[in-house]
Amino acid sequence: MKKVTAISTWSTLETLSTAAAHFFVMECERCICEKGQFVVALSGGSTPKRLYELLATTEYSRNINWKKVFLFWSDERFVAHTDAESNYRMVKENLLDHIPIPAKNIFPVPVSGGAKECASRYERSLRKFFKKEKVAFDWLLLGLGDDGHTASLFPGTDVLQEKRKYIREVWVEQKKSWRISFTLPLINNAANIIYLVSGKEKASVMSSIVNREKIKPALPAQLVRPVKGTLFWMLDEEAAARI
């Protein structure tokens, strides 16, 4: 399969989110028709919130067979699921609480115990889910920080060199806190990697990525290169202002 990168620009976060919601529905139907399930990794942050709200509405939800959708998280802050900073909580409040998805189809990152232990537990549950098949998501959603980080992969951190593990604990020095994140080998296995990027503060880093500027150390988002899948950059006009 030829590797492809696609870039689309939308006028506002609202139109960007609407386009992403349509994309989700169409890819969901295709995957369920082809193989009986749709396996998704969600992201946190503020940008995808509107996408989750849209997917929860009748307009979109009635076209999604939630019994055949399986949800994971590409990264998580190491806080309780009830904490305001929790990516799981954000998705739960804006999507999960409003859709008929079976509880057994939802795989939040464990956050009880040590961060390393929880990362290992999440990897085991991921491998168990995929059984002997290749561990590869159908639809993997990511965000982009203005420093070029993605998921919880930050510039200059040793997790970027990880080759074996699919999930790792990450210490974020500037936040003085732990996170749990997918690693590049897992991200790059996905069939579809979708970036939702919004806001003028992202314009500079988007320019560096699209123009393939040589930055040392490399921006984590520059290291997202699907092995066989497609990379979609979905931007609003502010984020795309310099490309």
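Tutor: The part to begin with is a right-handed β-α-β unit made by β8, helix α7 (residues 203-210) and β9. A crossover is called right-handed if, with the strands pointing away from the viewer, the path from the first strand over the helix to the second runs clockwise. Helices (H or I, at least four residues) and strands (E, at least two) are DSSP runs, numbered from the N terminus. The model is a predicted one, in which local features need pLDDT of at least 70 and side-chain atom pairs count only at pLDDT 80 or more, while totals for chains, interfaces and linings use all residues. Residues are numbered from 1 along each chain as its sequence is written, and side-chain values use heavy atoms, with hydrogens and water left out.

Within this unit, strand β8 (residues 192-197) is largely enclosed by the rest of the structure, because six of its six residues are buried. Buried means under 20% relative accessible area, exposed over 50%, and partly exposed in between (1.4 Å probe, protein chains only). N192, I194 and L196 point one way from β8, whereas I193, Y195 and V197 point the other way, and all are buried.

The structure holds 17 aromatic pairs. Rings of Phe, Tyr and Trp (its six-membered ring) pair if their centres lie within 6.5 Å; planes under 30 degrees apart count as stacked, over 60 as edge-to-face and the rest as tilted. One of the pairs is F72 with F129, edge-to-face at 5.4 Å centre to centre and with 70 degrees between the planes. This pair links distant parts of the chain, since F72 lies in strand β3 (residues 69-73) and F129 in helix α5, 57 residues apart. F72 is buried at 0% relative accessible area, and F129 counts as buried at 18%. F129 also forms an edge-to-face pair with F130, at 5.2 Å centre to centre and 85 degrees between the planes. F130 is buried as well, with 4% relative accessibility. Ring pairs join F70, F72, F107, Y122, F129, F130, F137 and F182 into a cluster.

E123 is buried, with a relative accessible area of 10%, whereas R127 is partly exposed at 37%. A further salt bridge joins D158 and R168, whose closest N and O atoms are 3.5 Å apart. This pair links distant parts of the chain: D158 is in the loop between β5 (139-142) and β6 (167-172), and R168 is in strand β6, 10 residues apart. D158 is exposed at 56% relative accessibility, while R168 is buried at 12%.

Conventions
Salt bridge = Lys/Arg side-chain N within 4 Å of Asp/Glu carboxyl O.
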